[in-house]
Amino acid sequence: MDDLNDQIAQRLKKLDQLRRLGIDPFGGKFDVQDRAGDLIARYGTATKDALEQKPVTTTIAGRVIALRWFGKAAFVSLQDGVDAIQVYLKKDVLGEQGFALAGLLDIGDWIGVSGRLFRTKTNELTVEVKQLTLLCKALRPLPEKWHGLTDVETRYRQRYVDLIANPEVKRIFITRGRIIQAIRTFLVGKGFLEVETPMMHQIPGGATARPFVTHHNTLGVDLYLRVAPELYLKRLIVGGLNRVFEINRNFRNEGISTIHNPEFTMLEFYMAYADYTDLMPLTEELIVELVETVHGKGTQTVPYCLHPNDEKTTTLSFTRPWKRISYRAAIADRLGATLQQITDPAYVLSQAKKHQCDLKGGESYWQLMVLLFEQVVEPTLIQPTFITDFPVEISPLAKRKAHNPELTDRFELYIATREIANAFSELNDPLDQRKRFEAQMAERAKGDLEAQRLDEDFLRALEHGMPPTAGEGIGIDRLVMLLTNQTSIRDVILFPQLRPEK
RNA sequence: GAGCCGGUAGCUCAGUAGGUAGAGCAUCGCCCUUUUAAGGCGAGGGCCCUGGGUUCGAGUCCCAGCCGGCUCACCA
């Protein structure tokens, strides 16, 4: 222990004293009879008299998070999961042996207790401990009880301490788990099969992003951590698994921010015989289901702070149906332009200049439109909105619109200015897909490190025939942020990526 | 990657004008058998992020770096 301080030294001293008393400071199996939460639920309203007339005995375990001494007695706050219950240690009930152990307890220790329930003078439901068992001695002190642990760096680096000291953090991660469970239940209920596809790719594909590179020693090849599972999931559709989904990590070698972690969790699902229009009501249904999972049955609105230091909370309304507007119409709307004007490249260029888009010169019409969309439309998309009909330039894996080959059968769902879902009718024309890959490779050759690579095996799969299919990806971390009202992705990822310590 | 803010005891934070480093909680000792931020009395605990510089003297001023937060840019 490099940073040995007096508090650790004191606890090590107590460790010796415990061993001299014949007590194993690191305990063993303990038969827990009740959970603190259950006791509170069951006896939270039981009166003092009722508990005396019909005594209730219980055996519970947990971590000591507060310890208040009164000479020959002490009150302990025992944390058991998200709940805490008070236990009372009294010399004449515990006996000499038990009381000696009690005297060596510290905040942070794990204990098991047996005894009867009673109410204190202040009417708090409390366990009067007859039998005290040490389950594990903690050697390090916990943060202060009142302010807790607030240093963000320590919270992320030592999440275990954060989880102990900040109950709301624990709640967020429990909610995250419930959200993911609810997604699985929802999709399985719709006939989807959960699958796992490779995380290590020989050709990273399925998204425009820079990959992480690693190396396989025996094969003697470099492998890439996947940026998306898309191309593998579509291979499964080719193989006849008509409805598949995967919830797993993607890795993108990019910057880190409040909405970006290098590894993030993505849901992707693919549905044969469907198109992107089928996915809009499905997405509404799924997300409303998740809103209800988190906020309760029948909930239509969710409070959300758009920025960390925002005083005011925005109310997000999930009442169906959600707004749908095409990419082009959304831009025209914001610019106050007609659909006629917005097709004019000169007009679009002038607007891009007017709205301070980051122009390098020589942008195509659609490149300008993409810049304008980000600049003027995205920040306004607070309420759930489906943006449809994306330009083919930025949709290399999506089917073209039947009546307009410049556009694709695609939508993105925006909530609180962020892209939450991305879906399209999957391109199943292997000849067009090859051209799209070639166009991407041309971009790569020009120095675009994020452009996609040509994947011969994927093309071979498409050549075997992929039924018309609709596919969608949902960024789980950002969705969890929305549903738990968190403004930083690090608050919904247990161990966010940080620079090495020291 | 750029800008702004921060790093002082285990934790949360003060630190005046550049002049011996403080509080609360936690810890240790004593008192206390119904408290809940328990209380009372006493005590210990510091690489003031790191490295340079200015100065008689730096937690404080200057420069560089490390780590973090926020904002912006790219990405989901």
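Figure 1. Of the atoms of RNA strand B within 4 Å of the protein, 55% belong to sugar or phosphate. The rest belong to bases. The model is predicted: local features need pLDDT of at least 70, side-chain atom pairs count only at pLDDT 80 or more, and totals for chains, interfaces and linings use all residues. Residues are numbered from 1 along each chain as its sequence is written, chains are lettered from A and ligands numbered from 1 in the order in which they are written, and side-chain values use heavy atoms, with hydrogens and water left out. Around RNA strand B stand 52 residues. A residue counts as near the strand if one of its heavy atoms lies within 4 Å of it. The closest are Lys121, Thr122, Lys145, His260 and Arg478. By class, this surface has 21 charged, 16 nonpolar and 15 polar residues. Here Asp, Glu, Lys and Arg count as charged; Ala, Val, Leu, Ile, Met, Phe, Trp, Tyr, Cys and Pro count as nonpolar; the others, Gly among them, count as polar.

Figure 2. Glutamate 124 brings an N or O atom of its side chain to 2.5 Å from a base nitrogen. The elements that give two or more residues to the surface near the strand are α1 (6–20), β1 (57–69), β2 (73–80), β3 (83–90) and α5 (152–157). Among them, α1 gives the most, with four residues. Helices (H or I, at least four residues) and strands (E, at least two) are DSSP runs, numbered from the N terminus.

**Figure 3. Chain A as a whole.** Chain A has 15 helices and 20 strands. Its C-alpha trace spans about 90 × 55 × 45 Å along the principal axes. Of its 502 residues, 49% are buried. Buried means under 20% relative accessible area, exposed means over 50%, and partly exposed lies in between (1.4 Å probe, protein chains only). Take the contacts (heavy atoms within 4.5 Å) with a separation of 6 or more: residues 24 or more positions apart account for 66% of them.

**Figure 4. Two threonines in helix α9.** Helix α9 covers residues 276–295 and includes threonine 277. Threonine 277 counts as partly exposed because its relative accessibility is 34%. Its side chain makes a polar contact with the side chain of aspartate 275, at 2.5 Å. A polar contact is a pair of N or O atoms within 3.5 Å; within protein, one must be able to donate a hydrogen and the other to accept it, and residues adjacent in sequence count only if both atoms are side-chain atoms. Aspartate 409 is 132 residues away along the chain from threonine 277, yet their C-alpha atoms are separated by 8.2 Å. Threonine 283 is also in α9. Threonine 283 is buried, with a relative accessible area of 1%. Leaving out residues up to four places away in sequence, threonine 283 touches Trp322, Phe386, Phe411, Leu413 and Glu472.

**Figure 5. The buried face of helix α14.** In α14 (residues 456–463), Phe458, Leu459, Ala461 and Leu462 are buried. Seen down the helix axis, the buried residues fall within an arc of 155°, so they line one face. The arc is that of the directions from the helix axis to the C-beta atoms. These buried residues pack against α8 (230–238) and α13 (430–445). At the start of α14, a side-chain oxygen of aspartate 455 comes within 3.2 Å of the backbone nitrogen of aspartate 457. Just after the helix, glycine 465 has a positive phi of about 100°.

Figure 6. Most residues other than glycine have a negative phi, and most peptide bonds are trans. Arginine 320 and proline 321 are joined by a cis peptide bond, with omega about -5°. Proline 321 sits in the loop between β13 (314–317) and β14 (323–326). Glutamine 356 is not a glycine, but its phi is positive, about 55°. Its loop runs between α11 (345–354) and α12 (365–377). Alanine 416 also has a positive phi, near 55°. Alanine 416 lies in the loop between β18 (410–415) and β19 (418–425). Glutamine 356 is exposed, with a relative accessible area of 64%, whereas alanine 416 is buried at 1%.
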